[in-house]
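Q: Can you walk me through this structure? I'm new to reading these.

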Amino acid sequence: DPFDRHRLYFGSNVIFATESGGQSWRAISPDLTRAHPGVPPVLGAFEADDPQHGAHRGVVYAIAPSRVREGTIWAGTDDGYVWLTRASTGSAQAASTSSAQVVNWRNVTPPDLTPWSKVAQIDASPFNDETAFVAVTRFRLDDLRPYVYITRDGGRTWRLEVNGLPNQPVNAVRQDPIEPRLLYAATENGVYVSFDDGANWQS
């Protein structure tokens with residue numbers, strides 16, 4: 001956590017936090033994954049052999065604490081959800097606010113994201129608490145197109161900004177720590193840069 005060097009987060013289907021070097025953990029979120037993600041068409045041929053009969057659970061794959069406001073945390077799952085909380089997670093308040101931390105998460109998933117979309121990485125802006133950059137991969141859906149989603153209003157609306165990116169999954173996107181309009185993206189086979197806040201990308 002940028003505001004507490006002793007605090008570390010860990011994602012399973014919920015998010016855990018520790019301030020004791022991992023000696024003890026507490027859950028600070030509910031289950032953030034999809035209850036019934038279904039079976040993608042590419043796996044349909046194997047569905048009959050699935051011992052869980054499609055009842056697979058995802059994990060919180062990306063966690064991005066804000067560098068601007070303490071208590072703001074973005075989270076993304078490997079089954080296509082994006083979440084946001086602004087609950088305080090300060091260790092001094094942990095006992096009195098633990099129940100609020102667990103319930104105070106808002107689903108801010110971009111409308112186009114479907115089950116089996118993997119939120120590979122989230123970058124919380126170092127300039128604005130309302131801004132986040134999300135890299136999504138959909139190779140499990142036989143979709144190799146790039147997906148970079150950007151919000152500037154706390155997840156109420158999103159823009160898909162991929163102009164100039166190749167037909168490759170994007171594994172990470174980052175905002176420059178000094179120049180806010182400068183962004184970087186890492187795809188399967190290269191690195192790309194945007195000088196205009198994601199509107200256009202080049203190798």
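Predicted model: local features only at pLDDT ≥ 70, side-chain atom pairs only at ≥ 80, totals over all residues.

Q: How many bridges join β10 to β11?
A: Two bridges join them, and the strands run antiparallel. Strand β11 covers residues 159-160.

Q: And how many bridges join β9 to β10?
A: Four, again with the strands antiparallel. Within that pairing, A135 has V148 of β10 as its bridge partner.

Q: What covers what in β10, I mean, are its residues buried or exposed?
A: Both faces of β10, residues 148-151, are covered. V148 and I150 are buried on one side, and Y149 and T151 are buried on the other.

Q: New topic. What is the order of strands in the open sheet of three?
A: The order is β1-β2-β3, and the pairing is antiparallel. β1 (8-11) and β3 (26-27) are the edge strands; each has a single partner, so one side of each lacks a neighbour in the sheet.

Q: What holds paired strands together in general?
A: Strands of a sheet pair through backbone hydrogen bonds, in a parallel or antiparallel arrangement.

Q: Which residue is opposite R26 in β3?
A: That is A17. The pairing between β2 (residues 15-18) and β3 is made over two bridges.

Q: Where is Y9 found?
A: Y9 is in strand β1. Y9 is buried, because its relative accessible area is 12% and the cut-off for buried is under 20%.

Q: What does the side chain of Y9 make a polar contact with?
A: The side chain of D1, at 2.5 Å. As for W25, its C-alpha atom is 9.2 Å from that of Y9, with the two residues 16 apart along the chain.

Q: Salt bridges next. How many does the structure hold?
A: It holds 13. Some of them form a network that links D1, D4, R7, E19 and R26.

Q: Which residues does R7 form salt bridges with?
A: One is D4, where the closest N and O atoms are 3.2 Å apart. Another is E19, also with the closest N and O atoms 3.2 Å apart. R7 lies in the segment before β1 and E19 in the loop between β2 and β3, so this pair ties together parts that are 12 residues apart in sequence.

Q: Are those three buried or exposed?
A: R7 is buried, at 4% relative accessible area. D4 is buried too, at 14%. E19 is partly exposed, at 25%.

Q: What about R174, which residue does it form a salt bridge with?
A: D123, with the closest N and O atoms 3.3 Å apart. R174 is in strand β12 (residues 170-175) and D123 is in strand β8 (residues 118-124), so the pair ties together parts that are 51 residues apart in sequence. R174 counts as partly exposed at 44% relative accessibility, whereas D123 counts as buried at 2%.

Q: Last thing. What is the mean pLDDT of the chain?
A: The mean is 89, and 87% of the residues reach 70 or more. Over residues 91-97, though, the pLDDT is below 50. That stretch has seven contacts in the model beyond near neighbours in sequence.

Q: How should coordinates be read where pLDDT is low?
A: Not in detail.

Notes. Residues numbered from 1 in each chain as written. Heavy atoms only, no water. Pairing = 2+ DSSP bridges. Buried < 20%, exposed > 50% of the residue type's maximum accessible area, 1.4 Å probe, protein only. Polar contact = N/O pair within 3.5 Å; in protein donor to acceptor, adjacent residues only side chain to side chain. pLDDT = per-residue confidence, 0-100. Contact = heavy atoms within 4.5 Å. Salt bridge = Lys/Arg side-chain N within 4 Å of Asp/Glu carboxyl O.
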